[in-house]
Amino acid sequence: MEQCACVERELDKVLQKFLTYGQHCERSLEELLHYVGQLRAELASAETGSPYAVQDGVELLGSSDPPVSASQSAGIMIRCTWPDLHFDHLVKMVAAKVFHSLQGTPLSATLSLVMSQCCRKIKDTVQKLASDHKDIHSSVSRVGKAIDRNFDSEICGVVSDAVWDAREQQQQILQMAIVEHLYQQGMLSVAEELCQESTLNVDLDFKQPFLELNRILEALHEQDLGPALEWAVSHRQRLLELNSSLEFKLHRLHFIRLLAGGPAKQLEALSYARHFQPFARLHQREIQVMMGSLVYLRLGLEKSPYCHLLDSSHWAEICETFTRDACSLLGLSVESPLSVSFASGCVALPVLMNIKAVIEQRQCTGVWNHKDELPIEIELGMKCWYHSVFACPILRQQTSDSNPPIKLICGHVISRDALNKLINGGKLKCPYCPMEQNPADGKRIIF
């Protein structure tokens, strides 16, 4: 994820530069067009005998199809066509056009100076805009370099080929993980389409919890508490065993909706408050706050000390609470296995790529044989801790089913492999205390 953030930062810089350049270009062209328009009007009203000749000469400063708006002019500037024209030649064309139209009448010194200043102003503005546009090219190239620097196109080296030995079985496991993720995210039609295309058979019992969960969540997003309250009441006993406050929070939110209705809903709110009776012991403080808010109902809760009750964040909170408690009740994880695996891979992959590069550089490829263990321990954070992990203090290895932790009589715990290596003459001496004991007295520990 850090690599994505780096590329995103470079992209934001480029977009900001384009935005700033576009605004500057628009502003500069508007000023330039205003200046040329004023000059055209002044020259046309001058006593030259042919005001339209001067006007036609000024129009040559553009192109054969002169821009009629600042946006059209901006398009010309951004393509950088004007600096590529020999501008001195263009100025001479303007002067020749004006001179020819005046039928031999030479330009006065004042008009010549004005025309020269106008041409110089246009030339400087166009060259400045073209220069600024070329500077953006380097910023665009840095985005490509950031992508090449942060993303390695070859990541297959960190995955053992043996993972796909049972290809059909592995594909089925992966497809099942994707389908479960789609069901959990509420993309039911996509999940059904994937099942049909992959010929994956999914039982209705597997789908049902996800269907019910998404139906209630959709109702909560529409601020409909009915389905969630019905579900919470039907599972009240099991929710209490989990110490869940879901049902109380649903009743609380419904009571707040009645309060938002103003004095017209006061009697209905008082009547609904009876639902708080089963929760009075655990949520006495919250119930007191809601009852106290009735005093300000006629004056308006928005300007009362209880205005926090009307905060819209309560709906997002109730959705999170329902998802967490419902998943716990139904035996589902709050996050799908696919999303957890993907997030863990984003953390671990850069570290594994660095280790792979070091191993190849030092020519010690035998250190990592891509079995069921990684060459180093990778910290994924507390979010990815799902069970206890024990590492043997003697061998510095993580225990497993084939090498479980063993508790000695003295209370110290080591791995079975360490225990077997410490046996001497049928006796075992604890490596932490001098107590001798029979190796058979050690007991396996299950965390």
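Student: What percentage of the 447 residues in the protein is buried?
Tutor: This is a predicted model, in which local features need pLDDT of at least 70 and side-chain atom pairs count only at pLDDT 80 or more, while totals for chains, interfaces and linings use all residues. Residues are numbered from 1 along each chain as its sequence is written, and side-chain values use heavy atoms, with hydrogens and water left out. Buried means under 20% relative accessible area, exposed over 50% and partly exposed in between (1.4 Å probe, protein chains only). Of the 447 residues, the buried part is 34%.

Student: How many helices and strands does the secondary structure comprise?
Tutor: Helices (H or I, at least four residues) and strands (E, at least two) are DSSP runs, numbered from the N terminus. On that basis, the protein has 16 helices and six strands.

Student: Which elements are included in what covers the buried residues of H9?
Tutor: Helix H9 spans residues 226-234, and its residues Pro 227, Ala 228, Leu 229, Trp 231 and Ala 232 are buried. Cover is a matter of contact, which means heavy atoms within 4.5 Å. The elements covering these buried residues include helix H8 (204-221), H10, H11, helix H12 (266-272) and helix H14 (313-330).

Student: Which helices each supply at least two residues of the lining of the largest cavity?
Tutor: On a 1 Å grid over the protein atoms alone, a cavity is a set of points where a 1.4 Å probe fits but cannot get out, and lining residues have an atom within 4 Å of a point. The lining of the largest cavity consists of Arg 236, Leu 239, Leu 240, Ser 244, Ser 245, Leu 246, Glu 247, Phe 248 and Phe 279. At least two of the lining residues come from each of helix H10 (236-241) and helix H11 (246-260).

Student: How much space lies in the largest cavity?
Tutor: The structure holds one cavity of 30 Å³ or more. Grid points are joined across faces, edges and corners, and a volume is the space filled by probe spheres set on the points. The space in the largest cavity is about 40 Å³.

Student: Is Ser 244 buried or exposed, and which residue does its side chain join in a polar contact?
Tutor: Ser 244 is placed in the loop between H10 and H11. Ser 244 counts as buried because its relative accessibility is 15%. A polar contact is a pair of N or O atoms within 3.5 Å; within protein, one must be able to donate a hydrogen and the other to accept it, and residues adjacent in sequence count only if both atoms are side-chain atoms. At 2.5 Å, the side chain of Ser 244 makes such a contact with that of Asp 325.

Student: With which residues is Ser 139 in contact, leaving aside its neighbours within four places in sequence?
Tutor: Ser 139 belongs to helix H5 (residues 109-150) and is buried, with a relative accessible area of 3%. Its side chain makes a polar contact of 3.0 Å with the side chain of Arg 142. Beyond the neighbours within four places in sequence, Ser 139 is in contact with Val 14 and Lys 17.

Student: What is the phi of Asn 243?
Tutor: Most residues other than glycine have a negative phi. Asn 243, in the loop between H10 and H11, is exposed, with a relative accessible area of 72%. Its phi is positive, near 55 degrees.

Technical notes
On a 1 Å grid over the protein atoms alone, a cavity is a set of points where a 1.4 Å probe fits but cannot get out, and a pocket is an open set with protein on both sides within 12 Å along at least five of seven lines; lining residues have an atom within 4 Å of a point.
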